[in-house]
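Here's a quick tour of a predicted model, with the cut-offs spelled out along the way. Have the viewer open as you read.

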Amino acid sequence: PQEEPPILDRTRQARWYARLAGGTPFDEAEGLALLADYGFSVPDHAVADTLADVLAAVERIGFPVVLKTAIPGIAHKSEVGGVKLNLTDAQAVREAYEDIAARLGTRVFVAPMLDAGVEMVLGVTRDPQFGALVLLGTGGVLVEILNYAAVLRPPVSVWEVRHVLAGLKAGKLLDGVRGAAPADRDALVDAVVKLSVLALELEGALAELDINPLLVRESGVVVLDALVVPGRT
């Protein structure tokens, strides 16, 4: 079925083109800001450089929380022990922060611990022949285990995303397994379409964007981690 082509926001495009043209890496907070500007739901979060600031952020966000290193240049935080999950009290937060600070540096990212839902991965990459491409697959730790994703060329339609999603192994997870409630498939489809618009607007300035995981909940989706790599215009 025919669908209306997406309407590109030239003001938004110019704003992020200017930022990406600088070439400096995005930290996680700035990556979330980019996605929020394109309509994605992102968790409450803070960046802190001292234990006092971390504890103040946790008091605002509420337990449980996750701490991640926010030192520039560390793209894959878990590989260097830079992620501390499910911290349920102030003592656990203090110990986690002191460990990260001692090994990697004092700057950290603080966010709520969210885990009720199906983890998917979304991404944008740039192919030398085909240009911007959007990826959709099973996320979280299953990315490396299943190593299975679909690739779509933007602009993508709602019908196209639904058709591709029906053929993914993750489709059964979205339907709910072992008593789990079904995940919000419509919200996931909408997220892929939004990412397609981002890919079109920022093609040429964006080398890579990874959302892993995108948590698909019973109602809605939320970005839990984002990696943004500027490219040459």
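Helices (H or I, at least four residues) and strands (E, at least two) are DSSP runs here, numbered from the N terminus. This is a predicted model, so local features need pLDDT of at least 70 and side-chain atom pairs count only at pLDDT 80 or more, while totals for chains, interfaces and linings use all residues. Residues are numbered from 1 along each chain as its sequence is written, and side-chain values use heavy atoms, with hydrogens and water left out.

**Helix H1**

- H1 covers residues 10–21, which makes 12 residues. Its first and last C-alpha atoms are 16 Å apart, close to the 16 Å expected at 1.5 Å a residue (the expected span is 1.5 Å times one less than the number of residues).
- Arg-12, Gln-13, Trp-16, Arg-19 and Leu-20 are the buried residues of H1 (buried is under 20% relative accessible area, exposed is over 50%, partly exposed is in between, using a 1.4 Å probe and protein chains only).
- Looking down the axis of H1, those buried residues fall within an arc of 135 degrees, so they line one face of the helix (the arc is that of the directions from the helix axis to the C-beta atoms).
- Exposed residues Arg-10, Thr-11, Ala-18 and Ala-21 sit on the face of H1 turned away from the buried side.
- The buried residues of H1 pack against helix H2 (28–37), H8, E8 and E10 (contact means heavy atoms within 4.5 Å).
- At the start of H1, Asp-9 has a side-chain oxygen within 3.1 Å of the backbone nitrogen of Thr-11.
- Gly-23 follows H1, and its phi is positive, near 80 degrees.

**Helix H2**

- Glu-28, Ala-29, Gly-31, Leu-32, Leu-34 and Leu-35 are the buried residues of H2.
- At the start of H2, a side-chain oxygen of Asp-27 comes within 3.3 Å of the backbone nitrogen of Ala-29.
- After H2 comes Gly-39, with a positive phi near 95 degrees.

**Lys-77**

- Lys-77 lies in the loop between strand E2 (65–69) and strand E3 (83–87), and this lysine counts as buried because its relative accessible area is 11%.
- Beyond its neighbours within four places in sequence, Lys-77 has several contacts, among them Lys-68, Gly-82 and Asp-225.

**Cores**

- The largest nonpolar core has 48 residues, and Leu-122, Leu-136, Leu-188, Leu-195 and Leu-209 have the most contacts inside it (such a core is a set of buried Ala, Val, Leu, Ile, Met, Phe, Trp, Tyr and Cys residues joined through side-chain atoms within 4.5 Å).
- Helix H8 (residues 185–201) gives the most to this core, with eight residues.
- A second, separate core has 16 residues, including Ala-57, Ile-61, Val-65 and Tyr-97.
- Not counting residues up to four places away in sequence, Leu-209 touches residues including Leu-34, Leu-35, Leu-195 and Leu-227.

**Strands E8 and E10**

- E8 (residues 206–216) and E10 pair in the antiparallel sense over five bridges (pairing takes at least two DSSP bridges between two strands).
- Leu-206 stands opposite Pro-230 in E10.
- E10 (residues 226–230) is mostly covered, with four of its five residues buried.

Notes: A polar contact is a pair of N or O atoms within 3.5 Å; within protein, one must be able to donate a hydrogen and the other to accept it, and residues adjacent in sequence count only if both atoms are side-chain atoms.
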